[in-house]
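Let's walk through this protein together, starting with one residue and widening out from there. Have the sequence and the 3D view ready.

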Amino acid sequence: EWPPWISVTMRTLELNPAVRFIIFGDSRPKVAAWPSNCEFHRQTAADLLKRLRSRLGTAPRTLNGMGSTSKISDFKPMLGALYPDMLAGCGFWGYMQEDQMLGNLLHFLDGRMLASFDTISPLPEPMRNAGPFMVFRNSRYVNELYRLSADLQPVVSAPDYQVFDEWWGPLADTMPSIIGREAAAGRLRAYTA
């Protein structure tokens with residue numbers, strides 16, 4: 001079920017008409033008028049597990065947790081690899097949680113910013129990857145960064161949230177670690193606030 005403030009979140013998406021938003025969920029958010037720049041794709045937990053098995057070759061048997069500790073969050077940095085069909089033609093892709101409110105995205109994510117960076121995080125060093133909001137260049141290299149993790153196997157097979165998308169979890173080789181390592185090696189241009 002969507003949170004009670006989802007209509008406000010959806011309005012902030014609508015106020016970014018040059019940005020295309022894809023919303024996944026079991027049910028479509030209830031709003032007075034659906035924004036023309038938003039697409040809804042119904043996806044159950046079973047659908048996600050099927051896609052994980054198809055694209056990654058493995059998946060947990062089930063997904064545990066709901067809300068902010070949802071196992072689904074572990075897969076956010078993998079969305080570029082999981083949904084290339086939906087991202088075809090996009091120069092960038094990103095994710096945000098439903099409790100985020102957006103201002104004018106293109107005021108910040110302008111041509112200069114997008115030309116200069118491969119990953120864009122609203123967090124400062126050393127966090128490098130934010131669970132609530134993140135932007136990635138839509139390229140094979142960037143979309144496959146998650147594969148560089150020494151902790152990939154437990155992330156994709158454990159039913160519980162491993163905090164792969166964040167900097168604060170128990171794993172040694174999270175997405176922020178990968179981004180930092182690749183940026184330090186000069187293979188990735190990472191922006192942090």
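Cys38 counts as buried, at 6% relative accessibility. Here buried means under 20% relative accessible area, exposed means over 50%, and partly exposed lies in between, with a 1.4 Å probe and protein chains only. What you are looking at is a predicted model, where local features need pLDDT of at least 70 and side-chain atom pairs count only at pLDDT 80 or more, while totals for chains, interfaces and linings use all residues. Residues are numbered from 1 along each chain as its sequence is written, and side-chain values use heavy atoms, leaving out hydrogens and water.

Cys90, by contrast, is partly exposed, with a relative accessible area of 23%. How far is the sulfur of Cys38 from the closest cysteine sulfur? That sulfur sits in Cys90 at 13 Å, too far for a bond. A disulfide is taken as a pair of cysteine sulfur atoms within 2.5 Å, and by this rule the count is zero.

Now turn to the sheet. Four strands form an open sheet in the order E3-E5-E4-E6, with mixed pairing. Strands (E, at least two residues) and helices (H or I, at least four) are DSSP runs numbered from the N terminus, and two strands pair if DSSP finds at least two bridges between them. E3 (92-96) and E6 (190-192) stand at the edges with a single partner strand each, so one side of each has no neighbour in the sheet.

E3 runs antiparallel to E5, and five bridges join them. Within this pair, Phe92 stands opposite Arg137 in E5. On to E4 (residues 119-121), which pairs with E5 (residues 133-137) in the antiparallel sense over two bridges. There, Thr119 has Phe136 in E5 as its bridge partner.

Finally, step back to the whole protein. Its secondary structure comes to nine helices and six strands. The radius of gyration, taken over C-alpha atoms, is 16 Å, close to the 16 Å that the globule rule (2.2 Å times the number of residues to the power 0.38) gives for 193 residues, so the protein is as compact as a globular protein of that length. Along the principal axes, the C-alpha atoms fill a box of roughly 45 × 40 × 30 Å. Of the 193 residues, 44% count as buried.
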